Amino acid sequence: MHSQPNETDVSADPAAIERVRERRAALAPALGRTWTDDGPRRFLTNLTALGSRMAGSEGERRAAAIVADAFARAGLADIETRPFEMAAWERESATLRLTAPGRDGAATTREFEAIALPYSPAGRVTGELVDVGYGTPAEIDERAVEGRIAVASTTTPEGSRFVHRMEKFGYAVDAGALGFIFVNHLDGQLPPTGSLTFGEEADAVAVGVSKETGAWLREYAVDGRGGDGRGGATEGDSAATADLSVEATTEPGESRNVVGHVGPQTDERLLLLAHYDAHDIAEGALDNGCGIATAVTAAAILAEAALPIGVDVVAVGAEEVGLLGAEELAERLDLDRIRGVVNVDGAGRFRDLVALAHASEAAAEVADAVSVGANHPITVDVEPHPFSDQWPFVRRGVPALQLHSDSGDRGRGWGHTHADTRDKVDDRNVREHAMLVALLVAEFAAPEREVDRLDRGDLIAALREADFETGMRAADLWPAGWE
């Protein structure tokens, strides 16, 4: 889960830049070994060879064991696996049939490939399709969605923030949609997946379909603004009818966090997080195999660093279905002792690192100092969002960095599709980003750096300025008590 970055210019402190340079020199042996280390590739191979790492599954449990072993090899201390209860969703099947009148007046039925979206309930709905474009609240508001099945794109218009799937689904259902169809905006017959809610069964059936299938569905859909279909139906024709069914179960299950420690035993701590679960339709190499490989590799560097405070390294489970591992961690810890969070979700995938600072100028300054001091470009963005593992901490006032990477394209790319496989990974990016992550963590932990807690009012204002409130409320993510 992630938001699209918007580059922000943050000035770097000369003293911080010098600290980064001195630290880089002191860690040169560890950084040099990382440059030639084949460990990240082997770790990714072991992880992706498991198949599904869906939250609550046997594959996720086996992945946790692989991560724990990698933590040990990285030199972490006091490694433990902490299980927690969660609602485990399991995919069975999905069917999408469309019946439309032919030129001779006889009805024709076609069937299209579709995959259920996690936490879709089992069920069946029948109705007209309505094209809601990108699925933004404004588009849904201007269309007659009630009693129909909404068809929305995975992307959003250029120049706007990236609107998350959960926002689109929640807003469409609130507007009366019977069901929801999520259409990939990228070529390749790749239906997308992705959770509809945070950790509980959703209110309507929903599926993902490929761009190619979506083109047909939009041909048959009504535009919902008083007109007829977009090219499929003409004046006087009857509208096409879609029959959408999902078979799936949601049962009590168990996920787990894997925790290790590096640095001194101090009251004040820093958290280094990455999720290791992935969706069940692919290997999860990019999302988030690269991220957890980057975090493990960075932890091995930090094991050789003279850290002023301790760092808890946590591989969190069940991120893809609602940040459940991070939520469990945030509830367990005394957050007054946590200086900050570095969440590695998206790093290691592509060439250039992106640091999302989530309304914390102090966190943004850390990233800017490392970018200049290490002479590596890091795009810095202070805009907050609630769609990755920093959110349970950010909303409680803990400063955070989410480390992502820039593909040059809008959206997830191969992520959340069948194509998220190990061959897409260049492990040079993992190794390089791991070195930068280690320097970021060390600078975040520096005693000279002042890191203020997030002010709730400022955070709310930042989310509103970025136009998140409407979508977050629709997705039931706006915290209770926030006005």
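This is a predicted model: local features need pLDDT of at least 70, side-chain atom pairs count only at pLDDT 80 or more; totals for chains, interfaces and linings use all residues.

| Helix pair | Angle | Axis distance |
|---|---|---|
| Helix 1 (residues 14–26) and helix 2 (residues 28–36) | about 70° | 5 Å apart |
| Helix 3 (residues 39–48) and helix 4 (residues 58–73) | roughly 165° | within 9 Å |
| Helix 10 (residues 361–373) and helix 12 (residues 427–444) | about 130° | 9 Å apart |

The next pair crosses at roughly 165°, which makes helix 3 roughly antiparallel to helix 4. Their crossing is right-handed. Helix 3 brings Phe 43, Asn 46 and Leu 47 to the contact, while helix 4 brings Ala 63, Ile 66, Val 67 and Ala 70. Here the classes are six nonpolar, one polar and no charged residues.

For the last pair, the angle of about 130° makes helix 10 oblique to helix 12. The crossing of helix 10 and helix 12 is also right-handed. From helix 10, Ala 363, Val 366, Ala 367 and Val 370 take part, and from helix 12 the partners are Leu 436, Leu 439, Leu 440, Glu 443 and Phe 444. This contact has eight nonpolar residues, no polar ones and one charged residue.

**A β-α-β unit**

Together with strand 13 and strand 14, helix 10 makes a right-handed β-α-β unit. The two strands, residues 352–356 and residues 378–381, pair in the parallel sense over four bridges. To find the pairing in the 3D view, look for Ala 355, which stands opposite Val 380 in strand 14.

Elsewhere, five strands form an open sheet in the order 3-8-7-6-5, and the pairing is mixed. Which strands stand at the edges? They are strand 3 (115–116) and strand 5 (129–131); each has a single partner strand, so one side of each is left without a neighbour in the sheet.

Within this sheet, strand 7 (residues 179–183) and strand 8 (residues 205–209) run parallel and are joined by five bridges. Phe 180 stands opposite Ala 206 in strand 8. Helix 6 (residues 165–174) lies across strand 6 (149–153), strand 7 and strand 8, and runs at about 150° to strand 7.

As background, strands of a sheet pair through backbone hydrogen bonds, either parallel or antiparallel.

**Two backbone details**

The peptide bond from Asp 287 to Asn 288 is cis, with omega near 5°. Asn 288 belongs to helix 8 (residues 285–302).

The other spot is Ala 318, which has a positive phi of about 55° although it is not a glycine. You will find Ala 318 in the loop between strand 11 (310–316) and helix 9 (324–332).

Definitions and conventions:
Residues are numbered from 1 along each chain as its sequence is written. Side-chain values use heavy atoms; hydrogens and water are left out. Axes are lines fitted to C-alpha atoms, for helices over the stretch in contact, and angles run from 0 to 180 degrees between N-to-C directions. Angles under 35 degrees count as roughly parallel, over 145 as roughly antiparallel, 65 to 115 as roughly perpendicular and the rest as oblique. A crossing is left-handed if the near helix is turned anticlockwise from the far one by less than a right angle, and right-handed if clockwise. Contact means heavy atoms within 4.5 Å. Ala, Val, Leu, Ile, Met, Phe, Trp, Tyr, Cys and Pro count as nonpolar, Asp, Glu, Lys and Arg as charged, and the others, Gly among them, as polar. Two strands pair if DSSP finds at least two bridges between them. A crossover is right-handed if, with the strands pointing away from the viewer, the path from the first strand over the helix to the second runs clockwise.
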